[in-house]
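Subject: Structure handover

Hello,

I am passing on the structure we talked about, with notes on what came out of the analysis. Please look it over before you set up anything on your side.

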Amino acid sequence: MSSNHGWIKQAIHQIMAEEAHHPETPLIKLPVPGLQNIDIYLKDESCHPTGSLKHRLARSLFLYALTNGLIGPDTPIIESSSGSTAISEAYFARMLGLPFYAVMPRTTARKKIELIEQYGGQAHFVDRAGDIYPAARQLAETLNGHYIDQFTYAERASDWRGSDNVAHAIFDQMAQERFPLPSWLVMSAGTGGTSATLGRHIHYRQYPTQLCVADCENSVFYDAFIHNNAQLTCQQSSRIEGIGRPRVEPSFIPGVIDTMMAVPDAASIATIYWLEKQTGRKAGPSTGTNLYATLKLAQQMQRDGETGSLVTLWCDDGERYLDCYYNPAWVRQHFGDITPYLAQLDSFERNGNFSADQQSKITPQPELQAGA
Ligand SMILES: Cc1ncc(COP(=O)(O)O)c(C=O)c1O
């Protein structure tokens, strides 16, 4: 028995109580007049207390570390992150009275850094996305702390069989809808942990739903999937915060994925503007990636004469990105002209069809599908 047994018990109790105090996040139906008998939903994970889907993951990672006796009352907590996970982990670390250090790319949105600091965390910066892993490991060694390592542990820390996960919540909320079993769940990948949970849950519960993972530019997930090569790396950093990685993360589980789609970054940004027009609310750019891929699949369903529902995730709140993704000058400088995608989305809204249909490769999983 760990000598910290009493403290661990108390810490787990605090985390469970926090969960009990907060309601399930809402499922939002997105009206699209151009779609006939095809319904689109967003599971709004921005409504968590720390503003993103990473609230669930941070809770799971702390529970994983606590139940494994990896952290005690004096353990500094270290994490590598593009920001959202670190915000949520800083929140839980503060709840448990533990010091927290986030290792992040220097380009991380200013507002995210402020939120980490607001929860008492400290930010350490590296120049390239790929540098966060060794820097976090090194910092943990120096401080004699625990490196949480979401990229490795996200897939195993999150429950996928039971009811304490986002997949169960989606199917539970969809049960009231006219097409209760979605044709597609759509998610992008940062750690890959959320897509792993969604895909495992679909398989385990034997649902007919398919899983599409959307990837952004400057990321290896899409190519690794279609070429069945987990060793791929890339030098550039993703420009869509939270998703897209320079290496295939250990938590990315290709065997649970039916299809991947490569979404142009400018399309992701256009889609969050379009979503704001529909809902009056701002979302982070990964939500744009998710939703653009979802709309593409809906278009394909309509072309094929299918009816049904599609569900994707609203990953985080766009108010965090006012000085970047919601700053037109910044967007033009980093992504060029997004108006062709805005025109496509308007066309889609009216007639369910992206008139000037561009890029977006959709590829079924050839090698792994047979054995899955
Ligand atoms: C805003 C945002 N969207 C999407 C993701 C991807 O989720 P996952 O890490 O579960 O693949 C992340 C991950 O950090 C994120 O922060």
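This is a predicted model: local features need pLDDT of at least 70, side-chain atom pairs count only at pLDDT 80 or more; totals for chains, interfaces and linings use all residues.

Domains

The chain is split into domain 1, made of 9–50 + 165–364, and domain 2, which covers 54–155. Their C-alpha centres are 24 Å apart. Domain 1 brings 39 residues to the contact, and domain 2 brings 35 residues.

Interface

The size of an interface is often given as the accessible area lost when the parts come together. Between domain 1 and domain 2 the buried area is about 3,000 Å², with 54% of this coming from carbon and sulfur atoms. On the domain 1 side, the residues that lose the most area to domain 2 are Ile15, Thr50 and Arg320, which together make up 22% of what that side buries.

For polar interactions, 22 residue pairs are in polar contact across the interface of domain 1 and domain 2, counting pairs with both residues at pLDDT 80 or more. Helices α1 (5–21) and α8 (193–204) each supply at least two residues of the domain 1 side that touches domain 2. Of the elements on that side, α1 gives the most, with seven residues. By type, the residues of the domain 1 side are twelve nonpolar, 13 polar and 14 charged.

Salt bridges

Side chains of opposite charge can pair when their charged atoms come close. The count for the model is 24 salt bridges, and the count between domain 1 and domain 2 is six. Glu19 and Arg59 meet through their side chains in a salt bridge, at 3.5 Å from N to O. Arg56 forms a salt bridge with Glu24, where the closest N and O atoms are 2.7 Å apart. This second pair links distant parts of the chain, 32 residues apart: Arg56 belongs to helix α2 (residues 54–67), while Glu24 is in the loop between α1 and β1 (27–30).

Sheet

Four strands form an open sheet in the order β5-β4-β3-β6, with parallel pairing. The edges are held by β5 (122–126) and β6 (146–147); each has a single partner strand, so one side of each is left without a neighbour in the sheet. Strand β3 (residues 77–80) runs parallel to β6 and is joined to it by two bridges. Within this pairing, Ile78 has Tyr147 in β6 as its bridge partner.

Regards

Definitions and conventions
Residues are numbered from 1 along each chain as its sequence is written. Side-chain values use heavy atoms; hydrogens and water are left out. Domain bounds come from an automatic or database domain assignment. Contact means heavy atoms within 4.5 Å. Buried area is the accessible area (1.4 Å probe) that two parts lose on being put together, summed over both. A salt bridge is a side-chain nitrogen of Lys or Arg within 4 Å of a carboxyl oxygen of Asp or Glu. A polar contact is a pair of N or O atoms within 3.5 Å; within protein, one must be able to donate a hydrogen and the other to accept it, and residues adjacent in sequence count only if both atoms are side-chain atoms. Ala, Val, Leu, Ile, Met, Phe, Trp, Tyr, Cys and Pro count as nonpolar, Asp, Glu, Lys and Arg as charged, and the others, Gly among them, as polar. Two strands pair if DSSP finds at least two bridges between them.
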